[in-house]
Amino acid sequence: MTPQEIFDKLKEKFGDQVIDLVDNVDPFVRVKAEAIGEIGLYLRDDEAMKFESLMCLSGVDYPAHLTVVYHLFSTPHRHRVVLKVEVEREDPHVPTVERVWSVANWHERETYDMYGIVFDGHSDLRRILCPDDWEGFPLRKDYQVQEYYRGIKVEV
């Protein structure tokens with residue numbers, strides 16, 4: 001199934017919750033944040049889709065917004081799709097998809113830790129790479145490295 005065919009099926013089923021298909025070198029479908037869980041379930045469970053594998057979930061910091069990127073793969077059908085959800089920089093929230101793909105638990109924790117994107121409904125949303133008391137989110141473009149951590153100078 002091509003990205004256009006996947007987009008058409010999503011648009012037919014979810015209407016304005018599916019924003020657009022950006023068909024460039026690596027095509028992706030933009031969806032509204034509040035719909036990601038329902039869309040994920042559909043993509044996993046629909047017989048024509050069968051996207052049972054969340055290969056990667058990551059964050060991206062663009063100047064105007066933060067984005068969560070979901071790379072999905074269907075082993076039975078040998079097709080793939082990329083979904084993107086855009087959120088505001090201030091107080092970014094996206095529903096968790098860990099109940100759809102259990103591996104999302106760790107991916108969402110890493111994205112939270114590095115970008116500060118909160119995954120609502122996550123079973124254990126806490127830092128995974130940085131210490132719990134670390135200040136800020138290191139992969140954001142506006143991140144300022146703290147001068148000291150627990151009395152030790154932080155070298156950049």
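Lys-153 and Glu-147 pair through their side chains in a salt bridge, with N to O at 3.9 Å; the term stands for a side-chain nitrogen of Lys or Arg within 4 Å of a carboxyl oxygen of Asp or Glu. Lys-153 counts as partly exposed because its relative accessibility is 44%. Buried means under 20% relative accessible area, exposed over 50%, and partly exposed in between, with a 1.4 Å probe and protein chains only.

This is a predicted model, in which local features need pLDDT of at least 70 and side-chain atom pairs count only at pLDDT 80 or more, while totals for chains, interfaces and linings use all residues. Residues are numbered from 1 along each chain as its sequence is written, and side-chain values use heavy atoms, with hydrogens and water left out.

**Salt bridges**

The whole structure holds 11 salt bridges. Side chains of opposite charge can pair when their charged atoms come close.

| Pair | Closest N to O |
|---|---|
| Arg-89 and Asp-61 | 2.4 Å |

Arg-89 forms its salt bridge with Asp-61. Arg-89 sits in the loop between strand E5 (79–87) and E6, and Asp-61 in strand E3 (residues 53–61), so the pair ties together parts that are 28 residues apart in sequence. Helices (H or I, at least four residues) and strands (E, at least two) are DSSP runs, numbered from the N terminus. Both Arg-89 and Asp-61 are buried.

Asp-133 is partly exposed because its relative accessibility is 38%, whereas Arg-150, at 63%, counts as exposed.

A network of salt bridges links Asp-20, Arg-30 and Glu-86.

**Backbone angles**

Most residues other than glycine have a negative phi, and most peptide bonds are trans. Arg-150 has a positive phi, near 50°. Lys-50 has a positive phi too, near 55°. The place of Lys-50 is the loop between helix H2 (36–45) and E3, and Lys-50 counts as partly exposed because its relative accessibility is 23%.

Val-60 belongs to strand E3 and is partly exposed, with a relative accessible area of 24%. From Val-60 to Met-114 the C-alpha distance is 9.8 Å, across 54 residues of sequence.

Thr-96 lies in the loop between strand E6 (93–95) and helix H3 (104–115). Thr-96 counts as buried because its relative accessible area is 8%. Its side chain makes a polar contact with the side chain of Glu-108 at 2.4 Å. A polar contact is a pair of N or O atoms within 3.5 Å; within protein, one must be able to donate a hydrogen and the other to accept it, and residues adjacent in sequence count only if both atoms are side-chain atoms.

**Surface charge**

Glu-88, Glu-90, Asp-91 and Asp-120 form a patch of negative charge on the surface. Such a patch is made of residues with over 30% relative accessible area and no salt bridge, like charges being joined within 9 Å. Asp-120 is part of strand E7 (residues 118–120) and is partly exposed, at 37% relative accessibility.

Conventions:
Patch = residues over 30% accessible without salt bridge, like charges linked within 9 Å, V, L, I, M, F, W, Y side chains within 5 Å. Areas by Shrake-Rupley, 256 points an atom, 1.4 Å probe, with all protein chains shown as cover. Lys, Arg positive; Asp, Glu negative; His and termini not counted. Charge placed at Lys NZ, Arg CZ, Asp CG, Glu CD.
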